[in-house]
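Dear colleague,

I am passing a structure on to you below, together with some notes on what came out of it. Please read the notes with the model open beside them.

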Amino acid sequence: MHDFAVIGLGAIGSATAAEFVRRGHSVVGFDRYTPPHTMGSAHSDTRMIRAAWYHGSPYMPLVRDAFRCWKKLERSSGRTLLRTAGALMMGPEDGRVFAGSPLLDARPGTDDVPLSAEEVAERFPWLRPDPGTVTIYEPGAAILSLEACLEAMLEAAGGADLRFDEPAIAWSASASGVRIRTERGEYAARRLAIAAGAWTPQLVPALSLPLEVERTVQYWFEPAGPHADTLAEGPAWVWELEREGTWYGFPPTARGLKAGMHFQAGRGTDVGRVDREVGTTETEELRRLFRRYAPGVAGARAHASVCLYTNTPDEHFILDRHPGHPGVVLFAGGSGHAFKFAPVLGSLMADLLADELPRDAPPIFSIGRFG
């Protein structure tokens with residue numbers, strides 16, 4: 001019997017397995033594919049890690065820890081995992097990004113810079129914000145190389161029995177431990193971590209968690225225009241537009257200039273019926289934004305990939321013990337912003353399963369908040 005089992009070896013599951021290995025425990029882990037893969041959430045080249053977005057929130061200690069953890073993993077793995085490129089948060093002052101938040105207040109001890117629309121266009125001349133657009137520039141924000149990060153965490157979990165291409169079908173818990181049934185057999189462990197992303201509802205149906213799986217698309221374009229060579233220096237951006245939604249973009253990598261939309265109504269789906277084809281109509285929607293707000297920057301479409309968000313109603317994660325089985329801990333509802341926290345969330349998962357008091361785990365992650 002293993003000490004711990006982990007279902008799902010994406011970002012949070014691989015971080016949890018690596019943490020258990022670091023603590024000297026025996027671990028068995030399962031994933032229905034071989035990560036990194038493109039079927040769930042932990043793929044698509046890059047993610048942002050930034051602190052200003054979380055200023056004044058319970059996430060602030062977690063994002064600070066996450067920066068430290070990624071840098072430590074970068075050193076131990078010998079891989080390049082993150083680079084400082086800066087990030088812009090943009091939108092109307094009364095919009096979703098800024099309204100009711102402390103983002104525009106004084107931020108002692110930070111390097112964050114408030115910018116007007118005119119100042120944005122002067123400092124980053126490929127961008128054309130509307131008059132009145134409010135911007136916070138965080139020069140210390142960084143870009144995570146997603147697949148390299150996941151590979152590094154899986155390597156750190158190398159002492160575990162990691163079973164790829166072996167979907168977990170069901171599990172059961174008793175006073176003596178847990179049993180996991182897969183397509184190939186049954187496995188026993190003392191305790192279980194579930195971090196299955198969009199497949200979570202299938203594994204905990206009795207909980208009736210209010211999770212919605214959203215189909216979202218990331219695009220990569222060939223950098224173009226007179227600023228093509230300087231785009232790679234940064235920054236990234238998250239830009240709330242009055243009518244279109246929240247648009248984001250990343251400095252180009254070898255794959256291209258990445259961009260997409262964050263949270264789009266009407267894109268709900270489930271893992272059994274995801275449309276993984278990306279048509280020209282969808283691409284044209286994004287091109288219209290580039291033509292309006294970053295003209296001449298996006299050349300030919302180089303690549304597109306479907307990603308799955310698993311959203312909670314309040315966009316906060318679920319990280320808690322199963323209410324009916326204290327030896328089972330669940331992570332779900334990454335809501336499009338969990339990856340940056342992966343090593344910290346993996347540590348918190350391990351704390352809960354080892355009956356240790358989770359360090360800095362916000363109560364907003366509780367399953368009980370949904371009644």
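Predicted model: local features only at pLDDT ≥ 70, side-chain atom pairs only at ≥ 80, totals over all residues.

I begin with a run of paired strands, where strands are DSSP runs of E of at least two residues and helices are DSSP runs of H or I of at least four residues, both numbered from the N terminus. Strand 10 (residues 168-174) and strand 11 (residues 177-182) run antiparallel and are joined by six bridges, two strands being counted as paired if DSSP finds at least two bridges between them.

Residues are numbered from 1 along each chain as its sequence is written, and side-chain values use heavy atoms, with hydrogens and water left out.

Arg50 lies in the loop between strand 3 (46-49) and helix 2 (60-77). Arg50 is buried (under 20% relative accessible area, with a 1.4 Å probe and protein chains only), yet has no salt bridge, meaning a side-chain nitrogen of Lys or Arg within 4 Å of a carboxyl oxygen of Asp or Glu; the nearest side chain of opposite charge, Glu138, is 5.8 Å away. The charged end of Arg50 sits over the ring of Trp53, 5.0 Å from its centre (CZ of Arg or NZ of Lys within 6 Å of the ring centre and within 35 degrees of the ring normal).

There are 22 aromatic pairs, counted when the ring centres of Phe, Tyr or Trp (its six-membered ring) lie within 6.5 Å, with planes under 30 degrees apart called stacked, over 60 edge-to-face and the rest tilted. Tyr248 and Phe250 form an edge-to-face pair, because their centres are 6.1 Å apart and their planes stand at 85°. Tyr248 is buried at 8% relative accessibility, and Phe250 is buried at 4%. The pair of Phe317 and Phe365 is tilted, since the centres are 5.3 Å apart and the planes are at 40°; this pair links distant parts of the chain, 48 residues apart.

With kind regards

Conventions: Buried < 20%, exposed > 50% of the residue type's maximum accessible area, 1.4 Å probe, protein only. Lys, Arg positive; Asp, Glu negative; His and termini not counted.
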